[in-house]
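Hi everyone, thanks for making time this morning. Let me put the protein up on the screen, and then we can walk through it together.

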Amino acid sequence: MLRCVIFDLDNTLVDSALDFSRIKAEIGTDQPILEYRAAVDPAEQRRVDEILDRHESRAAADCALCAGARELLDFLRVAGLRSALLTRNSRASVRTVLARHTLAFDVVLAREDSPPKPDPEPVRIICRRLGLQPADCLMVGDYLYDIQCGQAAGTRTLLVDGPHRKKFDAAPDYEVPSLHEARRVIADILRQEQQP
Ligand SMILES: [Mg+2]
């Protein structure tokens, strides 16, 4: 039974100007940033944090809500579903984004709160806090890590096509071009589950 939707933040709920290639170039790595950060010494971690925080706080202050985001979140509330936010972004920039767009979630996990996606642990944390099982959840995101994380934890997955889509191979349960269609998919799931 679908009871909770777990959302990625950047380029899923908000269009952010975060340019990961530029951030990686400034750090001087080709690896995913948080994985690089985890492998270096504390001084280098502080340098990475400074670069990342600068880019993230600027992007958070300027980001726009994705088309259909407000309608989808309102729909979930009316339908009695829980919602969670799971991001590799920092707590500080998540706070900025949530305040800027007056968004609220039952659980918010930033990178300080758990191992990052695609690790399935943050989904387990969300489920424990809400008293749910992963099978009760739908993970919604625009990137491979969102889908891998959901699948590893045992949620259903929905991919919202974003600018990175062509660069990875994923097999989500659902794939849609926007959050408007995501809302229709969720409405269909709820209708099917409510049939006797
Ligand atoms: Mg994303």
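Let me start with a question for you: among contacts between residues at least 6 apart in sequence, what percentage join residues at least 24 apart? The answer is 59%. Please keep in mind that this is a predicted model.

Now the overall picture. The protein has eight helices and eight strands. Its radius of gyration is 16 Å, close to the 16 Å that the globule rule gives for 196 residues, so the protein is as compact as a globular protein of that length. The C-alpha trace spans about 60 × 30 × 30 Å along its principal axes, and 39% of the 196 residues count as buried.

Next, the domains. The domain assignment gives domain 1 as 4-14 + 65-194, and domain 2 as 20-62. Their C-alpha centres lie 23 Å apart. Nine residues from domain 1 and six residues from domain 2 make up the contact. On the domain 1 side, those residues divide into three nonpolar, four polar and two charged.

Let's move to the sheet. It is an open sheet of six strands, with parallel pairing, in the order β5-β4-β1-β6-β7-β8. At the edges stand β5 and β8, and each has a single partner strand, so one side of each is left without a neighbour in the sheet. On average, neighbouring strands are turned by 20° against each other, direction ignored. At the β5 end, β4, residues 82-86, pairs with β5 in the parallel sense over three bridges, and L86 stands opposite L109 in β5. Helix α7, residues 144-153, packs on the sheet, where it touches β6 and β7. The direction of α7 makes about 165° with that of β6.

Staying with those strands, β6 and β7 pair in the parallel sense over four bridges, and M139 has T157 in β7 as its bridge partner. So what about burial in β7: how many of its five residues are buried? Five of the five. Side chains in a regular strand alternate between the two faces of the sheet.

Most residues other than glycine have a negative phi, and most peptide bonds are trans. Which residues have a positive phi here although they are not glycines? N11 is one of them, with a phi of about 65°, and T102 is another, at about 45°. N11 is found in the loop between β1 and β2, whereas T102 lies in the loop between α5 and β5. As for their surroundings, N11 counts as partly exposed because it has 18 C-beta neighbours inside 10 Å, while T102 counts as exposed because it has 8.

Last stop: the loop between β5 and α6, where we find P118. A cis peptide bond joins K117 and P118, with omega at about 15°. P115 lies in the loop between β5 and α6 too. With 14 other C-beta atoms within 10 Å, P115 is partly exposed. Leaving aside neighbours within four places in sequence, P115 is in contact with E121 and P122.

That's my tour, and I'm happy to go back to any part of it.

Terms used:
Residues are numbered from 1 along each chain as its sequence is written. This is a predicted model: local features need pLDDT of at least 70, side-chain atom pairs count only at pLDDT 80 or more; totals for chains, interfaces and linings use all residues. Domain bounds come from an automatic or database domain assignment. Two residues are in contact if their C-beta atoms, placed from the backbone, lie within 7 Å. Ala, Val, Leu, Ile, Met, Phe, Trp, Tyr, Cys and Pro count as nonpolar, Asp, Glu, Lys and Arg as charged, and the others, Gly among them, as polar. Helices (H or I, at least four residues) and strands (E, at least two) are DSSP runs, numbered from the N terminus. A residue is buried if 20 or more other C-beta atoms lie within 10 Å of its own, exposed if 12 or fewer, and partly exposed in between; C-beta atoms are placed from the backbone. Two strands pair if DSSP finds at least two bridges between them. Axes are lines fitted to C-alpha atoms, for helices over the stretch in contact, and angles run from 0 to 180 degrees between N-to-C directions. The radius of gyration is taken over C-alpha atoms; the globule rule is 2.2 Å times the number of residues to the power 0.38.
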